[in-house]
Amino acid sequence: MSAVTITILMILGAYLAGSISSAILVCRLRGLPDPRTNGSGNPGATNVLRIGGLSSAVLVLLFDMLKGAIPSYISYKLGLDSVFLGLVAVSACLGHIFPIFFAFKGGKGVATAFGAMAPIGEDLALCLLATWIVFALITRYSSVAAIIAASLAPLFTWWLDERFTIPVAMLSALIVIRHKDNIHRLWTGEETKLSRKKRDKKTT
């Protein structure tokens, strides 16, 4: 099988894997409201945290990361070069953003992009995670933390393993572009801050 054929198959496979919306499926399985019509309206881990609590959000986060990590890792093992690796990773994110199984209405792709970057190395994963946590705690905005982490990702990659700077830059550009509405809401002061669903108090 030629390299071009393998690349095309991996791109299609990555898109289909990305199209499996874990936020919607987890909410359905747990009897939670549809994340597309509740909270921020974004079917992602942050919105599931708002409407369903921490455990549901963690499940969504892990599944979304795997959607990016598995196709990227398989493509790397198959010997695809850096540009093709980037195309596979971007395809997984595009599947998450425009899922064919859910009327092309998906999330921001942050967790899927992080998952695609994580196999590059633990050091890069830790840098990205630490960046997101620090800025999420400082600003209380998930979008700000995601935008900053995505913007710094190519720099971290160039520093740690420059071979993958191009695919990471492709992912970073996609994530920043996807947050254009969040940037507008931040500018107008309408962006929603991070919060978690509070448990109902027991009545006596």
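Visitor: Is Tyr76 buried, partly exposed or exposed?

Guide: Start with the cut-offs: buried means under 20% relative accessible area, exposed over 50%, and partly exposed in between, with a 1.4 Å probe and protein chains only. Tyr76 has 38% relative accessibility, so it counts as partly exposed. This is a predicted model, where local features need pLDDT of at least 70, side-chain atom pairs count only at pLDDT 80 or more, and totals for chains, interfaces and linings use all residues. Residues are numbered from 1 along each chain as its sequence is written, and side-chain values use heavy atoms, with hydrogens and water left out.

Visitor: What is the mean pLDDT of the protein chain?

Guide: pLDDT is the predictor's confidence in each residue, from 0 to 100. Here the chain mean is 89, and 95% of the residues reach 70 or more. Over residues 198-204 the pLDDT is below 50. That stretch has zero contacts (heavy atoms within 4.5 Å) beyond near neighbours in sequence.

Visitor: How many aromatic pairs are there?

Guide: In general, two aromatic rings are described by the distance of the centres and the angle of the planes. Rings of Phe, Tyr and Trp (its six-membered ring) pair if their centres lie within 6.5 Å; planes under 30 degrees apart are stacked, over 60 edge-to-face, and the rest tilted. The count by this rule is one pair. Its rings belong to Tyr76 and Phe164, with centres 6.0 Å apart and planes at 65°, so the pair is edge-to-face.

Visitor: Where do Tyr76 and Phe164 lie?

Guide: Helices are DSSP runs (H or I, at least four residues), and strands are too (E, at least two), numbered from the N terminus. Tyr76 is in helix H4 (residues 54-77) and Phe164 in the loop between H8 and H9, so the pair ties together parts 88 residues apart in sequence. Phe164 is buried, at 9% relative accessible area.

Visitor: Which residue lies over the face of Phe98?

Guide: A charge sits over a ring if NZ of Lys or CZ of Arg is within 6 Å of the ring centre and within 35 degrees of the ring normal. For Phe98 the residue is Arg178, at 5.7 Å from the ring centre.

Visitor: Which residues touch the most other members of the largest nonpolar core?

Guide: In soluble globular proteins, nonpolar side chains tend to be buried together. A nonpolar core is a set of buried Ala, Val, Leu, Ile, Met, Phe, Trp, Tyr and Cys residues joined through side-chain atoms within 4.5 Å. In the largest, of 20 residues, Met117, Leu128 and Leu171 touch the most other members. Helices H5, H6, H7, H8 and H9 each supply at least two residues. H6 gives the most, with five. Leu128 touches Phe114, Met117, Ala149, Ala153 and Phe156, leaving out residues up to four places away in sequence. Apart from this core lies another, of 10 residues, including Cys27 and Val60.

Visitor: How many disulfides does the whole structure hold?

Guide: A disulfide is a pair of cysteine sulfur atoms within 2.5 Å. The search finds zero. For Cys127, the nearest cysteine sulfur is that of Cys93, 19 Å away. Cys27 is buried, at 1% relative accessibility.

Visitor: What is the phi of Ala103?

Guide: Ala103 has a positive phi of about 55°, although it is not a glycine. Ala103 sits in the loop between H5 and H6 and is exposed, at 54% relative accessible area. Phe104 lies in that loop between H5 and H6 too. The phi of Phe104 is also positive, near 60°.
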